[in-house]
Amino acid sequence: MASTEDKAATNKENASSWKDTFYNPRTGEVLGRTASSWALILLFYLVFYCFLAGMFALTMWVMLLTLDDYVPRYRDRVPYPGLVIRPSSLDMIVNKSEPLKYAEYVKQLELFLQRYNDTEQETNKECISGNYFLQDNAEQMEKKVCRFKRDSLSFCSGLSDTNFGYSEGRPCVLLKLNRIIGLMPRGNPYINCTVKKDSQIQMQYFPSEGLIDKMYFPYYGKKAHENYVQPLVAVKLLLNKEDYNKELAVECRVEGSDLRNNDERDKFLGRITFRITVVE
Ligand SMILES: *[C@@H]1O[C@H](CO)[C@@H](O)[C@H](O)[C@H]1NC(C)=O
Ligand SMILES: *[C@@H]1O[C@H](CO)[C@@H](O)[C@H](O)[C@H]1NC(C)=O
Ligand SMILES: *[C@@H]1O[C@H](CO)[C@@H](O)[C@H](O)[C@H]1NC(C)=O
């Protein structure tokens, strides 16, 4: 009998000491610490975290001070550019008898070419073809832009043929390289497009031979080179009736230079493949 009473007493004692670890009414301790001890700990952490935040803000501020708005800080390795197509569709279906359907492509091209209008370009500089347009003089923060003549795109300029060839079933696409700061391609880059499989399709390039003039390089960055426009190459697919109703896979690459166009992992690096079907 006595042993069971003892057991009950120990249980009670255990329970009360367990409760005491949360709050001990005799000493006034919460979780084993007095209120002033807790206050000191909280104060310590408050000061500690304020100090950390201050350090972070200070280093950030110092780093931002050393940044130059005009010159990118790290550019030890200039990457290669991707090739981009307009209209921005990799799978085009053109019914040359339905203007309302292909109007979307025509509108995209017209909008895209706004920046290449003579009115926009006349303030730009007439550069020397075939040479890089280097402007490394430091006092000149704002870089000049080389003029691109919209009418050098000829039948694909949207000026003589406002339908960019879509109404006659011989559509134009525009190609450009992505902007890369400091890129200076060696050689004489040009665009070459081929149709996959054995279809022989004639194509016309504007400017002639699909050349990308070196005078549009290097690009100096968004802020320094504000009105920069990329040089364009237009490709007109000279399709005939027997080419209609076939899905043509056209691959365009930048060739003739050190720009990469055969990266296994990135199929847009210096090249692009799009599909186009023309029907009537
Ligand atoms: C193209 O449009 C014309 C005129 O609307 C239509 O008669 C024809 O069936 C269309 N062709 C195809 C392949 O959808
Ligand atoms: C660009 O030229 C086209 C055709 O001449 C014209 O319709 C358009 O309004 C011009 N855009 C600008 C921004 O000047
Ligand atoms: C364009 O590419 C095709 C296929 O690679 C090649 O046969 C042709 O010679 C190239 N044309 C030019 C002008 O480089």
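F155 sits in the loop that runs between α4 (118-121) and β5; helices (H or I, at least four residues) and strands (E, at least two) are DSSP runs, numbered from the N terminus. This is a predicted model, in which local features need pLDDT of at least 70 and side-chain atom pairs count only at pLDDT 80 or more, while totals for chains, interfaces and linings use all residues. Residues are numbered from 1 along each chain as its sequence is written, and chains are lettered from A and ligands numbered from 1 in the order in which they are written.

Leaving out residues up to four places away in sequence, F155 touches S160, D161, G165 and K236 (contact means C-beta atoms, placed from the backbone, within 7 Å). F155 and Q204 are 49 residues apart in sequence, with 9.5 Å between their C-alpha atoms.

## Helix α3

Now to α3, which covers residues 99-113. Its 15 residues reach 20 Å from first C-alpha to last, close to the 21 Å expected at 1.5 Å a residue (1.5 Å times one less than the number of residues).

Y102, Y105, V106, L109 and L113 are the buried residues of α3, and they pack against β3 (83-86), β4 (91-95) and β5 (172-177).

## Around ligand 1

Which residues are around ligand 1? They are N95, S97, E98 and V279, each with its C-beta atom, placed from the backbone, within 6 Å.

Note on methods. A residue is buried if 20 or more other C-beta atoms lie within 10 Å of its own, exposed if 12 or fewer, and partly exposed in between; C-beta atoms are placed from the backbone. Two residues are in contact if their C-beta atoms, placed from the backbone, lie within 7 Å.
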